[in-house]
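Welcome, and please take a moment with the sequence and the structure before reading on. The notes below go through a few places in the fold one at a time.

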Amino acid sequence: MEYFGKSHRAQWKTRTGFILAAIGSAIGLGNIWRFSYLCYENGGGAFLIPYFIALFSVGIPLMILEFGLGHREKGSSPLSFYKVSPKWEWLGWWAVIFVMFGIVMYYAVVISWCFNYLIYSFNLSWGDDPNKFFFSKFLGLTRGPGEIGDIRAPVLFGLLIVWILNWVIVYFGVEKGIERANKILMPLLFILTLILVIWSLNLPGAKKGVIKYLTPDFKILKNPKVWIQAFSQIFFSLSLGFGIMIAYASYLPHKTDITGSAFITAIGNCIYSFIAGFAVWGTLGYMATVQNLPIDKVVSQSIGLAFVAYPKAISLIPTFSKLFGVLFFTILLFAGLSSSISILEAFTSAVIDKFNYDRKTVVSTLCVIGFLGGIIFTTGGGLFWLDIVDHFLTSYGLVIVGILECLLIGWYFKAKRMREHVNSVSEFKIGKWWDFSVKIFTPCVLGIIFISSLYQELSKPYGGYPITSLILIGRDWLFVTLIGAIIISSYSWRSEKK
Ligand code: TRP
């Protein structure tokens, strides 16, 4: 049985290529708007304390676990879990299925918004009221998730472009597609971000925003919610529990520095967030200054930040404002694309490991399904659907996968055994602290996040949506993908039988 998945496995050409691809997956839309907002909401600079604690106590250990697992078993997430214990193959499938047929479907729609806004930047199409423009004109928002409304043509068009780009990149495989794309996209992303940061910091009043971003309010650390938010952000941001890092690591050569790569990827991702925060806050400070408003009045969260507050700020910039807009949305586009290709690859490698289908057919089929499935999020009610699906998949799906993978590797497979494997190839050796994190600490932290989400769920309906919508769209999305995972794992492995 141990033969499958081993033959003709693709490999990264260089270690840098692997690291850039892993960082590309980690750095996404969430690093830019979500992190900045979380800092603001949770005690400014003080938020960096729980954030970095979460990075070192959970983020890096779990990254080492996923890299180690993929590298040791030389398999996508279902194959790797299968090799650890055939009973757990479903877990590997579930992760890649709900990310491929859930998270990336709406994520690609948000990338499509970025693409549209990139074009809108050329003549500042959002006009004087970006709020009305975004919600009414662009999204054609309906009254609730039960009212789907019509498909928004520009969003649909953007979605098509996003899937074509995904397809073009992943079609050519690990080395010629993903590695090459990340080697271009990532350095460009870093340079463009740096330009945006410097530009933003030179706008009048930028300092006001930065002070708001970083002034620490240590009192807030007593609030457990702040800690939960820090751990959840680290988890989502580092692509953990997605089955992605396992697949990426399976393309590593035998002798490779796993721990070093995990440290670079995880720390690189967090430093990027921190730096991008200066661009966001510098711009908000500028906007508050020009409009003579207190900074709290110009702040908004998540999509409001990228598609309402930022466009407003762009219009206010006196020189080269259009270029500023193009720069910002290009950054979002690159950050988003390098994440979406990563799950496409993780799912593709899972299907190839299991059924031995032709790579090009698998990628093409997945892109068509991804595009068609995403159409629901391009409708007038799409934003509500997106919000509900995102809430359920990230608060429960990812967290459950994270807990189970820690327990499985930590206790069943034995953390010590994995640590010895990782240490046998890595330059930087990890100690017993890692076993503690994987066996006890991380499952406990994720368990607390899970229970607190469940508690909130039961005390009041998420987002004020009707309960039936939450059940049908959110909970059932999780269940259907879970059933899909169980069904697929009941098929036998066809890898070597062609
Ligand atoms: N880390 C990304 C972010 O911060 C999210 C992400 C990672 C993602 N992998 C993904 C989203 C795959 C969609 C598909 O935004």
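Predicted model: local features only at pLDDT ≥ 70, side-chain atom pairs only at ≥ 80, totals over all residues.

## A stacked pair across the chain

A pair of aromatic rings is described by the distance of the centres and the angle of the planes. The count for this model comes to 54 aromatic pairs. One of them joins Tyr 213 and Trp 281: the ring centres are 6.1 Å apart and the planes lie at 5°. Planes under 30 degrees apart count as stacked, so that is the label for Tyr 213 and Trp 281.

If you trace the chain, you will find Tyr 213 in helix 9 (residues 206–214) and Trp 281 in helix 12 (residues 258–291).

## Where helix 7 meets helix 14

Now turn to helix 7 (residues 153–171) and helix 14 (residues 321–355), which pack with their axes 10 Å apart and at an angle of about 55°. That angle makes helix 7 oblique to helix 14. The crossing of helix 7 past helix 14 is right-handed.

On the helix 7 side, the residues in contact are Val 162, Trp 163, Leu 165, Asn 166, Ile 169 and Val 170. They meet Leu 337, Ser 340, Ile 341, Leu 344, Glu 345 and Thr 348 of helix 14. Sorted by class, this contact has eight nonpolar residues, three polar ones and one charged one.

## Two single residues to look up

Thr 193 sits in helix 8 (residues 173–201). Its relative accessible area is 4%, so Thr 193 is buried. Leaving aside residues up to four places away in sequence, Thr 193 touches Tyr 272, Ala 276 and Ile 331.

Phe 479 belongs to helix 18 (residues 467–490). At 43% relative accessibility, Phe 479 counts as partly exposed.

Technical notes: Residues numbered from 1 in each chain as written. Heavy atoms only, no water. Axes fitted to C-alpha atoms, helices over the stretch in contact; angles between N-to-C directions. Helix = DSSP H or I, 4+ residues; strand = E, 2+ residues; numbered from the N terminus. Parallel < 35°, antiparallel > 145°, perpendicular 65-115°, else oblique. Left-handed = near helix turned anticlockwise from the far one by under 90°. Contact = heavy atoms within 4.5 Å. Nonpolar A, V, L, I, M, F, W, Y, C, P; charged D, E, K, R; others polar. Phe/Tyr/Trp six-rings, centres within 6.5 Å; stacked < 30°, edge-to-face > 60°. Buried < 20%, exposed > 50% of the residue type's maximum accessible area, 1.4 Å probe, protein only.
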